[in-house]
Amino acid sequence: MKALKALALPAALVVLAEIGARAAAPSDSVAPPSEVAAAFVQALADGSLVTATRDTLMSAFAGLAIGASLGLMTGILLGSLNVLDRLMELPLELLRPIPSVAVIPIALVALGFGYRLEIVIVAFACFWPLLILSRAAVDGVEPRLIEVSRALRLTPLQRTVKIVAPAVLPRVFVAFRLAAGISLIVAVTVEIAVNPQGLGYEVMTAGQALRPDLMLAYVLWIGIVGFAFNAGLVFAQRRLFGQAARVEAAR
Amino acid sequence: MKALAWRFGGLAVVAVMIALWGEIAALKLVSPVFLPAPARAWTALWQGFAHADLAAKLFGTIRHMIGGWLVASFFGVALGALVGSSKAAREYVAPTLEFLRPLPASAVIPVAIAMFGLTPQMAVGVIGFGSIWPALLASVHGFAAVEPRLLEVERALGLSRWQGIAKISLPSATPDILSGLRLGLTVSLILAVVCEMIAGLDGLGQWVLLAARAYKSADIFAGVILLGAIGFVANASLRLIEARALRWRGRRTG
């Protein structure tokens with residue numbers, strides 16, 4: 001019953017779009033869902049969809065890996081060293097509001113078109129959520145655990161690995177999920193804005209070629225990829241952290 | 001007093017970083033084509049205001065950002081109130097919203113271009129579509145999470161539906177809505193820049209991209225500095241509004 005209710009609105013929208021687009025046909029900006037589906041199958045068959053998806057996901061994953069690990073390391077460092085944290089507060093406050101897309105021209109001049117351009121910008125965007133949330137997570141580690149590590153005479157490195165890291169892991173994963181969502185969005189945005197590869201570029205060319213059916217098929221596919229990506233991460237979070245993750249996410 | 005000392009410490013770190021940047025540029029560790037000296041970026045900024053139309057670009061970006069954000073915020077909160085305050089509407093609409101949420105808003109730019117052409121209306125449409133989600137989802141959540149006892153009070157007082165929304169649900173959902181609006185403003189700045197880059201609309205997005213095409217790194221940095229300033233001011237002012245509007249809440253929870 002619940003699933004039926006969830007599907008009612010999309011189904012109604014598809015029917016409305018079919019009727020509306022057929023009434024407006026021929027059009028350069030809208031296409032009926034049946035033609036969109038046909039264009040999707042065609043793009044899938046000739047391999048362009050697969051190639052574009054691979055390009056986009058590769059850039060998104062590489063940028064995510066680099067940006068997230070740098071952000072995590074910086075966050076843990078700032079969270080554990082109070083003096084450094086207070087000193088870096090102002091510089092970070094000034095750098096953080098720079099929108100990720102503003103980095104595009106700088107990276108474009110330095111790196112030219114291609115994977116590297118996209119990876120650098122995705123990494124810049126993914127750096128911030130990890131930095132901020134992992135810093136807060138390390139800051140919020142139960143003080144008694146730190147006392148335990150002191151009683152055990154652990155070195156700072158041992159303390160980080162054995163006490164702090166497991167304690168902050170659930171919250172860090174929440175940050176990672178956030179960054180993963182951002183990585184895909186930024187990758188597609190860079191492709192649409194400047195970079196001639198991947199799903200974003202395919203949407204752009206289909207639009208310029210006056211193929212609304214293909215363009216909408218790609219837009220829909222980007223939505224499906226994003227949804228599946230997010231759903232996979234939510235599933236992983238439940239499996240890995242169970243109840244802890246849900247509590248941490250609500251905080 | 002101590003906070004002030006830390007503030008000065010932070011300023012010193014910023015000064016050291018700028019000095020380091022200048023040193024790297026002066027020693028040409030990074031080619032000046034990519035990295036201008038801080039002084040050059042600063043000059044480009046003032047030259048841009050004095051002799052080029054950088055001020056017009058700045059206001060163009062602010063106009064696009066605020067315009068799209070206002071549209072998104074109005075519809076987002078209104079729709080969120082409708083969906084959030086009714087259980088039936090939530091069951092029908094929420095799953096579709098969850099599907100649409102991770103869709104990169106920039107993906108609809110080509111669709112919007114096909115519909116509206118390379119016009120400012122296109123930018124407003126894209127920014128509106130993109131930044132409606134934070135406002136919409138936050139207000140759906142805010143209206144859905146109203147304390148049940150407050151709803152009982154509403155019923156006991158015999159308030160009409162509209163009175164209930166205005167007097168009970170809306171104040172209760174305000175913290176959620178405000179944080180959604182703040183997030184939406186960040187999104188709208190990003191989308192404003194992207195739209196200006198693609199459609200060549202008057203704004204900083206166009207400015208930085210043209211500077212990149214001409215390899216004028218000082219002009220790029222001037223534009224990026226301004227974009228950072230817009231983001232900083234926008235975020236700070238909404239935080240200020242949030243703090244003022246939610247003063248009652250701080251007092252209650254202590």
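## The α7–α8 loop of chain A

In this predicted model, the loop between α7 (143–151) and α8 (156–193) of chain A contains A:R153. The phi angle of A:R153 is near 55°, a positive value in a residue that is not glycine. A:R153 is also exposed, because 8 other C-beta atoms lie within 10 Å, and the exposed class covers residues with 12 or fewer such neighbours.

## A:T51 in helix α3 of chain A

A:T51 belongs to helix α3 of chain A, which covers residues 48–80. With 14 other C-beta atoms within 10 Å, A:T51 is partly exposed. A separation of 99 residues in sequence lies between A:T51 and A:R150, and their C-alpha atoms are 53 Å apart in space.

## The α9–α10 loop of chain B

In chain B, the loop between α9 and α10 holds B:Y215. This residue likewise has a positive phi, near 55°, and is a residue other than glycine. B:Y215 has 12 C-beta neighbours inside 10 Å and therefore counts as exposed; the exposed class extends to 12 or fewer neighbours.

## Overall architecture of chain B

Chain B comprises eleven helices and zero strands. Read from the N terminus, its elements follow the order α-α-α-α-α-α-α-α-α-α-α. The radius of gyration of chain B is 23 Å, whereas the globule rule gives 18 Å for 254 residues; the value is well over that figure, so chain B is more spread out than a compact globule. The C-alpha trace of chain B spans about 75 × 55 × 30 Å along its principal axes.

Of the 254 residues in chain B, 42% are buried. When contacts in chain B between residues at least 6 apart in sequence are considered, 75% of them join residues at least 24 apart.

## Domain division of chain B

Two domains are assigned in chain B: domain 1 covers 1–30 and domain 2 covers 36–253. The C-alpha centres of domain 1 of chain B and domain 2 of chain B are separated by 32 Å.

## Packing of α3 and α9 in chain B

Helix α3 (residues 54–84) of chain B packs against helix α9 (residues 204–213) of chain B at an angle of about 130°, and their axes are 7 Å apart.

On the side of α3(B), the contact is made by B:L54, B:K57, B:L58 and B:T61. Helix α9(B) contributes B:L204, B:G205, B:Q206 and B:W207. By class, the residues of the contact of α3(B) with α9(B) comprise four nonpolar, three polar and one charged.

## The side of chain B that touches chain A

Between the two chains, 48 residues of chain B are in contact with 46 residues of chain A. At least two residues of the side of chain B that touches chain A come from each of α1 (2–26), α4 (87–100), α5 (109–116), α8 (161–199), α9 and α10 (217–245) of chain B.

The composition of this side of chain B is 38 nonpolar, eight polar and two charged residues.

Terms used
Residues are numbered from 1 along each chain as its sequence is written. Chains are lettered from A and ligands numbered from 1 in the order in which they are written. This is a predicted model: local features need pLDDT of at least 70, side-chain atom pairs count only at pLDDT 80 or more; totals for chains, interfaces and linings use all residues. Helices (H or I, at least four residues) and strands (E, at least two) are DSSP runs, numbered from the N terminus. The radius of gyration is taken over C-alpha atoms; the globule rule is 2.2 Å times the number of residues to the power 0.38. A residue is buried if 20 or more other C-beta atoms lie within 10 Å of its own, exposed if 12 or fewer, and partly exposed in between; C-beta atoms are placed from the backbone. Two residues are in contact if their C-beta atoms, placed from the backbone, lie within 7 Å. Domain bounds come from an automatic or database domain assignment. Axes are lines fitted to C-alpha atoms, for helices over the stretch in contact, and angles run from 0 to 180 degrees between N-to-C directions. Ala, Val, Leu, Ile, Met, Phe, Trp, Tyr, Cys and Pro count as nonpolar, Asp, Glu, Lys and Arg as charged, and the others, Gly among them, as polar.
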